[in-house]
Amino acid sequence: MSQINHKEALNRLKEGNDRFVQGVKSINSLMTHKQREELADRGQRPYAIVLGCADSRAPAETVFDAGLGDLFVVRLAGNIISPMGLGSIEFAAANFGTPLCVVLGHTKCGAVAATVEAVSKKKRAPSDHIQDIVLEIEPSVKLAMAAGSKDDRSIVEEAAKLNVIRNMERILERSKILSELAEKEQFKVVGGIYNLNTGYVDFIRE
Ligand SMILES: [Zn+2]
């Protein structure tokens, strides 16, 4: 099966998200058990990569009504980039020709909220590991505060969006493999904010 292009991949994600919002499932996602053996034998060819948050309420496969073998998913709290996460994205793009990467943030993100609290109260996170996550998100929180977002809730939502954009940019800045593929139009990075209440994903810079 040949790989689809990034526009077709984005359309598939949008159609899947529409189904999820409406509470219907595609035949493809229902048939995943039958596809299991075929995928195991022939290998995977995921059509999109998702860099998402680890939040239990934001699972990419569910939100996009995707089946086995559809999505290559990297998840860390705050949908941040780590060297290993970037390597994973490069691996999928280079080996499977996956043409699209979505950096998927979400509303009411606990990692962003924790960072807002750490910045406004000038407090360190309770562990060095959590502090590492806070430091990754901090520039976006400070930007949201400087842009005039008033209460903590609106700062969290604005910072989540800025954090998605920051990581979208950094994927291409930091990865030679991915920026070269993007120049050839064989790879694209888009952003999205998943709304926990409505189920909709608002895409950014699509
Ligand atoms: Zn989150």
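In this predicted model, the buried residues of helix α6 (residues 110-120), namely A111, V112, A114, T115 and V116, are covered by elements that include α7 (128-146) and α8. An α-helix has 3.6 residues a turn, so residues three or four places apart point the same way. Just after α6, K122 takes a positive phi of about 50°.

In soluble globular proteins, nonpolar side chains tend to be buried together. For V102, once its neighbours within four places in sequence are left aside, the residues in contact are L13, A48, V50, V190 and G192.

The sheet is open and consists of five strands arranged in the order β2-β1-β3-β4-β5, with mixed pairing. Because β2 (71-75) and β5 (201-204) stand at the edges and each has a single partner strand, one side of each is left without a neighbour in the sheet. On average, and with direction ignored, neighbouring strands of this sheet are turned by 25° against each other. Within the sheet, strand β1 (residues 48-52) pairs with strand β3 (residues 100-106) in the parallel sense, over four bridges, and G52 stands opposite L104 in β3. Helix α5, formed by residues 83-96, lies across β1, β2 and β3 and runs at about 170° to β1.

Most residues other than glycine have a negative phi, and most peptide bonds are trans. D65, which is located in the loop between α4 (60-63) and β2, has a positive phi, near 45°, although this residue is not a glycine. A residue is buried if 20 or more other C-beta atoms lie within 10 Å of its own; D65 has 24 C-beta neighbours inside 10 Å and therefore counts as buried. E185, likewise not a glycine, has a positive phi of about 65° and is found in the loop between α9 (176-183) and β4 (188-194). For exposure the cut-off is 12 or fewer such atoms, and E185, with 11 other C-beta atoms within 10 Å, is therefore exposed.

Conventions:
Residues numbered from 1 in each chain as written. Predicted model: local features only at pLDDT ≥ 70, side-chain atom pairs only at ≥ 80, totals over all residues. Contact = placed C-beta atoms within 7 Å. Pairing = 2+ DSSP bridges. Helix = DSSP H or I, 4+ residues; strand = E, 2+ residues; numbered from the N terminus. Axes fitted to C-alpha atoms, helices over the stretch in contact; angles between N-to-C directions.
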